[in-house]
Amino acid sequence: MGTVSQVMTGVVAFLHLYFLVLEMFLWTSPFGMKTFKRTLEEQQQTKILAGNQGLYNGFLAAGLVWALTTGEPFSYSLKLFFLSCVVVAGLYGAATAARAILCVQAIPAALALGITYLAH
């Protein structure tokens, strides 16, 4: 189960790297507009906010990579902390921005968190 924890944590880290790229670099691209179902004007008006949000997603990804690459006893605590942060951010995003955030952010992180807890 430890391997599953590592893989799931890696998936969540990868997702947050993807969110960073999408929000910081692709926000006003056709792909960004299609992904978020918004017009170019809406995307341009929120570009700075999205970039900031993308940076925070990058910090979450960095913390998860740190948790994956450090040894015990720190790895477990780091995973619990950063996966919990992702779950909370995902729940808040789902409640305030878009319900889809629940599926793409909160649920994968909650699964990784639960598996990590059980594996320990």
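**Exercise 1.** Work out how H1 and H6 cross, by handedness and by direction.

*Solution.* Start with the hand: H1 and H6 cross in a left-handed way, meaning that the near helix is turned anticlockwise from the far one by less than a right angle. This is a predicted model, in which local features need pLDDT of at least 70, side-chain atom pairs count only at pLDDT 80 or more, and totals for chains, interfaces and linings use all residues. Residues are numbered from 1 along each chain as its sequence is written, and side-chain values use heavy atoms, without hydrogens and water.

Next, take the geometry: the axes of H1 and H6 (residues 100-119) come within 8 Å and cross at roughly 155°. Axes are lines fitted to C-alpha atoms, for helices over the stretch in contact, with angles from 0 to 180 degrees between N-to-C directions. H1 and H6 are therefore roughly antiparallel, the term for angles over 145 degrees.

**Exercise 2.** Describe the packing of H1 and H4.

*Solution.* Their axes lie 8 Å apart, at an angle of about 155°. That makes H1 roughly antiparallel to H4. Finish with the hand: the crossing of H1 and H4 is left-handed.

**Exercise 3.** Find the helices that each supply at least two residues of the nonpolar patch.

*Solution.* First list the members: Val21, Met24, Phe25, Leu55, Tyr56 and Phe59 share about 600 Å² of accessible area (Shrake-Rupley method, 1.4 Å probe). Then assign them: H1 (2-24) and H4 (47-69) each give at least two, and H4 has the largest share, three residues.

How values were computed
Patch = residues over 30% accessible without salt bridge, like charges linked within 9 Å, V, L, I, M, F, W, Y side chains within 5 Å. Salt bridge = Lys/Arg side-chain N within 4 Å of Asp/Glu carboxyl O. Helix = DSSP H or I, 4+ residues; strand = E, 2+ residues; numbered from the N terminus. Parallel < 35°, antiparallel > 145°, perpendicular 65-115°, else oblique.
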